[in-house]
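Here's a quick tour of how this chain packs together.

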Amino acid sequence: SHTSTRSTRWLAWGLAGVAVIGALAQLVFWAIHLSARPGLFDLVEALGWGFAIPIVFAVLGALIVARQRGNRVGWLMLIVALVAGNPFQIPMERLLSAPPDALTPGLWLLLWFDGWSWIPLIFPIFLIPLHFPTGRPPSRRWNWVIWLAVGMWLFFVVFGSFSDMLGPQNSNWTLPNPIGFIPIEVWNGPVLILWGIGLLTMVSASVVSLFLRFRRAQS
């Protein structure tokens, strides 16, 4: 209906606005926490990945959804924009930069979230080729790629909670996990190798689906 379409447009542009504001706030946090003159890599990371990418993905995603509300490409791009423009990322990295005296429940939750917070950033990017340009996979037979992505995400979120050591991604300290029973050597070894194979399968299938769709369009 017209009302539903208008609501979807408002939602899409609202999410895009949140992503843009988040990207601006992230840039401000980055500038505030600068302790020295930034190098070229730091500038590219802050101005490119942390600022330009969220804004570009937010605007393009909102434009796609505004015209085709059922097109998943637009929604996937909005997810990327929201996660990439997360303004709390830099303060969280600062908070986790030094090892604490004890592992409190709040710190456990923060470390648990930090362990998989990158997944909703890269998985939508990997799934965009599968849905491009129609917003749907080429056929129902390709839905297994989506379910593989969901399963891998859930696996990382659930079983990552039970590693016997916990630590932030961008620091080199760890603390014993009170509910952990999976040795960190097993998690960083066989488990992540198998998970990486699943990731490679998902990305390869997504790219192949786009290639096959392109070939069919030319025939």
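## Ground rules

A nonpolar core here is a set of buried Ala, Val, Leu, Ile, Met, Phe, Trp, Tyr and Cys residues joined through side-chain atoms within 4.5 Å. Buried means under 20% relative accessible area, with exposed over 50% and partly exposed in between (1.4 Å probe, protein chains only).

This is a predicted model, where local features need pLDDT of at least 70 and side-chain atom pairs count only at pLDDT 80 or more, while totals for chains, interfaces and linings use all residues. Residues are numbered from 1 along each chain as its sequence is written, and side-chain values use heavy atoms, with hydrogens and water left out.

## The cores

The largest nonpolar core has 35 residues, and the members touching the most others are Phe123, Leu127, Val145, Trp195 and Met202. Two or more residues each come from helices H1 (2-32), H2 (40-67), H3 (72-84), H6 (119-131), H7 (143-159) and H8 (184-218); helices (H or I, at least four residues) are DSSP runs, numbered from the N terminus. H3 is the top contributor, giving seven residues.

What is Phe123 in contact with, leaving aside its neighbours within four places in sequence? Ala149, Met152, Trp153, Trp195, Leu199 and Met202, where contact means heavy atoms within 4.5 Å. There's also a second, separate core of eight residues, with Trp108, Leu111, Trp173 and Leu175 among them.

The axes of H6 and H7 (lines fitted to C-alpha atoms over the stretch in contact, with angles from 0 to 180 degrees between N-to-C directions) come within 11 Å and cross at roughly 175°. The two helices are therefore roughly antiparallel, a label for angles over 145 degrees. On the H6 side the contact includes Phe123 and Leu127, and on the H7 side Val145 and Ala149.

In the loop between H6 and H7 sits Pro133. A cis peptide bond joins Phe132 to Pro133, with omega about 0°. For context, most peptide bonds are trans.

## H2 against H3

The H2 and H3 axes come within 7 Å and cross at roughly 155°, so H2 is roughly antiparallel to H3. Among the residues making the contact are Trp49, Gly50 and Phe57 of H2, plus Gly74, Trp75 and Leu78 of H3. The contact residues of H2 with H3 split into 15 nonpolar, three polar and no charged; Ala, Val, Leu, Ile, Met, Phe, Trp, Tyr, Cys and Pro count as nonpolar, Asp, Glu, Lys and Arg as charged, and the others, Gly among them, as polar.

Note on methods. Parallel < 35°, antiparallel > 145°, perpendicular 65-115°, else oblique.
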